[in-house]
Amino acid sequence: SMIVGQGRFPRLTTHGDEDDTDLDPLYGLSQDESAVLDPFLAKVAKATRLQPASKVLIEDGLSVGTAVALVAVRDGRLCVDPLAAKCATPVFDPRRPGAVKSVEVRYPYVVEERGPNGVEQKVKLYRRTIDEVSDTLYAPADADRDGREPSWSVAERYDHQFGFCPVVWWKRGAR
């Protein structure tokens, strides 16, 4: 809360004022351009709920040592979702150091189902893969006691065609 708590969240800006001497002359923004872009950045930060997501990501980064953020669209709105690093497996792009090529999210969970002997608890598996072109959610699968891989079927697939994986993976101490 001392970093991104109430009243402490940093103002997102393109720094387009006359005091900026370190702007790249080719890609820097003029004051007029910054005056247009800065309110847009503030609205994006508010719409994505970036402040509460940042708090979770900072807590994860400091306590676990890894923070994982997924930028997504939910119900037509842009959002930032923190992902539990322990449930995600990244593939990094060897051509772009630190860039994520794909992420697979997997974890077990327990559901209660009514069966012939009353209510029974069953262990299900969740799986989702996100890469440079699509976001694929698989139908929940029954966990096998022997640990065998289930036969997965695609429940939903969204072809975003970004050309990059919309996941940021930060590891403490990594360069």
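This is a predicted model: local features need pLDDT of at least 70, side-chain atom pairs count only at pLDDT 80 or more; totals for chains, interfaces and linings use all residues.
Which residue takes a positive phi in the hairpin of S1 and S2? Asp75 does, with a phi near 55°, in a hairpin that has two residues between the strands.

Residues are numbered from 1 along each chain as its sequence is written, and side-chain values use heavy atoms, with hydrogens and water left out.

Let us start with the overall plan. The protein has two helices and nine strands, where helices (H or I, at least four residues) and strands (E, at least two) are DSSP runs numbered from the N terminus. Read from the N terminus, the order of elements is α-α-β-β-β-β-β-β-β-β-β. Of the 175 residues, 29% count as buried; here buried means under 20% relative accessible area, exposed over 50%, and partly exposed in between, with a 1.4 Å probe and protein chains only. The accessible surface comes to about 12500 Å², and 53% of this belongs to carbon and sulfur atoms; the areas come from the Shrake-Rupley method with a 1.4 Å probe, and for residues only the protein chains shown count as cover. Taking contacts between residues at least 6 apart in sequence, 43% join residues at least 24 apart, a contact being heavy atoms within 4.5 Å.

Now follow the chain from its helical part. Between helix H1 (31–47) and helix H2 (50–63) there is a loop, and Arg49 sits in it. Arg49 has a positive phi near 55° in a residue other than glycine, and at 57% relative accessibility Arg49 counts as exposed.

Strand S1 (residues 66–74) and strand S2 (residues 77–83) pair in the antiparallel sense over seven bridges; two strands pair if DSSP finds at least two bridges between them. Within this pairing, Leu70 has Asp81 in S2 as its bridge partner.

Further along, strand S4 (residues 100–115) holds Glu104. The side chain of Glu104 makes a polar contact with the side chain of Arg127, at 2.6 Å. A polar contact is a pair of N or O atoms within 3.5 Å; within protein, one must be able to donate a hydrogen and the other to accept it, and residues adjacent in sequence count only if both atoms are side-chain atoms. Beyond its neighbours within four places in sequence, Glu104 is in contact with Cys87, Ala88, Thr89, Arg127, Arg128 and Thr129. Arg127 also lies over the face of Tyr138, at 4.2 Å from the ring centre; a charge sits over a ring if NZ of Lys or CZ of Arg is within 6 Å of the ring centre and within 35 degrees of the ring normal.

Aromatic rings come next. The whole structure has five aromatic pairs, counted when rings of Phe, Tyr and Trp (its six-membered ring) have centres within 6.5 Å; planes under 30 degrees apart count as stacked, over 60 as edge-to-face and the rest as tilted. For Tyr107 and Tyr126 the ring centres are 4.6 Å apart and the planes stand at 20°, so the pair is stacked. Tyr107 lies in strand S4 and Tyr126 in strand S5, so this pair ties together parts 19 residues apart in sequence. At 32% relative accessibility, Tyr107 counts as partly exposed. Ring pairs link Tyr107, Tyr109 and Tyr126 into a cluster.

A hairpin joins S5 to S6 through three residues, and the two strands pair in the antiparallel sense over three bridges. Arg128 stands opposite Leu137 in S6, while Leu137 has Glu156 as its bridge partner in S8. S6 and S8 run antiparallel and are joined by five bridges. S6 is mostly covered, with four of its five residues buried.

The loop between strand S5 (118–130) and strand S6 (134–138) contains Glu132. Leaving aside neighbours within four places in sequence, Glu132 is in contact with several residues, among them Asp93, Lys101, His160 and Gln161. The C-alpha atoms of Glu132 and Pro166 are 7.6 Å apart, although 34 residues separate them along the chain. Gln161 belongs to the loop between strand S8 (154–159) and strand S9 (167–171). Gln161 is not a glycine, yet has a positive phi of about 55°, and with a relative accessible area of 56% Gln161 is exposed.
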